[in-house]
Amino acid sequence: MKMIIGRKVGMTQIFDENGRAVPVTVVKAGPCVVVQKKTPEVDGYAAVQLGFEEVPERKVNKPILGHFKKYGAKPMSILREFRVDNLDDFEVGKVIDVSVFEPGDVIDVTGWSKGRGYSGAMKRWGFQGGPKSHGSKFHRMLGSVGQHTEPAKILKGKKMAGQYGNERVTVRNLRVVKVDPENNLLVIKGGVPGARGGLLLIRSAKAPKIRKREE
Amino acid sequence: MSMDHLVRVVEKDYLKKEIPEIRPGDTVKLHLKVKEGNRERDQVFQGIVIAMRGSGLSKTITVRRIATGGIGVERIVPLHSPVLEKVEVVRKGKVRRAKLYYLRNVRGKIKIKERR
């Protein structure tokens with residue numbers, strides 16, 4: 001189980017050994033510090049708490065500062081937990097950087113998608129909408145939302161307008177293309193959720209589905 | 001360090017060192033590696049650069065040539081692609097726009113003045 005916290009830097013393309021262009025996302029990840037271990041005996045579950053991006057002491061409030069002092073860690077702006085199977089692989093104070101990953105690793109990446117605010121059904125769900133002209137007065141509405149006196153209600157989960165984006169999204173089974181420990185960079189094939197500068201949680205794939213590579 | 005700078009750091013390793021100065025209107029000779037089964041051979045494609053787009057590692061050129069039978073053939077080639085072994089500028093052309101898409105509609109001989 002490998003994990004790290006990072007920030008999305010941006011996308012570009014690189015060339016593989018066959019000369020094909022591969023779309024990649026550059027992520028600035030780590031170094032992270034193991035701040036706390038959560039044990040089944042004490043906390044009821046096994047997890048490690050990682051800290052990311054050191055900040056001066058005055059930037060954190062007193063209760064959080066106390067938490068850092070308790071475990072002898074420097075104050076950091078980001079604290080996130082990762083569930084793990086084997087706690088013995090981790091020690092409080094251990095530094096995790098991108099070198100734990102290697103090219104070819106299959107990973108899951110969690111981020112927070114770009115917020116689009118309160119959006120209509122066309123944008124949010126890809127509904128067709130109505131004609132723009134020819135006397136039509138039905139333009140971007142979502143159409144019928146239910147049946148008749150039976151069931152006489154709108155079914156729960158009906159796709160309607162509402163908050164779109166700014167939610168936690170996980171993209172599974174992405175592949176690490178390149179690791180650059182010098183600059184703390186991970187290069188991942190494909191896209192990851194969120195805007196540039198957005199926080200990302202990266203871990204080994206939970207259910208790796210190795211696609212057969214086309215020759 | 002700005003975020004954008006870090007993307008450049010990744011791209012740096014893939015950039016080619018030597019690419020001649022190319023402008024739209026130039027006639028270029030592209031030496032391309034073509035895979036045929038297990039064999040690899042060199043293919044030369046010569047034509048006029050009618051468009052350039054992108055920057056850095058993603059920069060591409062569109063090269064147009066008239067093949068046998070008067071059929072126009074265009075290839076879009078990433079300049080930094082390893083498939084592109086070598087580019088030679090055969091003739092420098094003098095043109096007054098960045099995209100020469102009008103050449104697709106030119107009947108007869110395409111005339112482009114030489115740039116020095």
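Visitor: In E10(A), which residue is the bridge partner of A:Ile107?

Guide: The partner is A:Leu174. This is a predicted model, in which local features need pLDDT of at least 70, side-chain atom pairs count only at pLDDT 80 or more, and totals for chains, interfaces and linings use all residues. Residues are numbered from 1 along each chain as its sequence is written, chains are lettered from A and ligands numbered from 1 in the order in which they are written, and side-chain values use heavy atoms, with hydrogens and water left out.

Visitor: What makes strand E7 of chain A and E10(A) a pair?

Guide: Strands (DSSP runs of at least two residues, numbered from the N terminus) pair if DSSP finds at least two bridges between them; E7 (residues 106-112) and E10(A) have six, in the antiparallel sense, and therefore qualify. Both belong to a closed barrel of six strands in chain A, running E1-E2-E11-E10-E7-E12 with antiparallel pairing.

Visitor: How many residues does each chain bring to the contact?

Guide: With contact taken as heavy atoms within 4.5 Å, chain A brings 20 residues and chain B brings 16. On the side of chain A that touches chain B, E1(A) gives the most, with nine residues.

Methods: Helix = DSSP H or I, 4+ residues; strand = E, 2+ residues; numbered from the N terminus.
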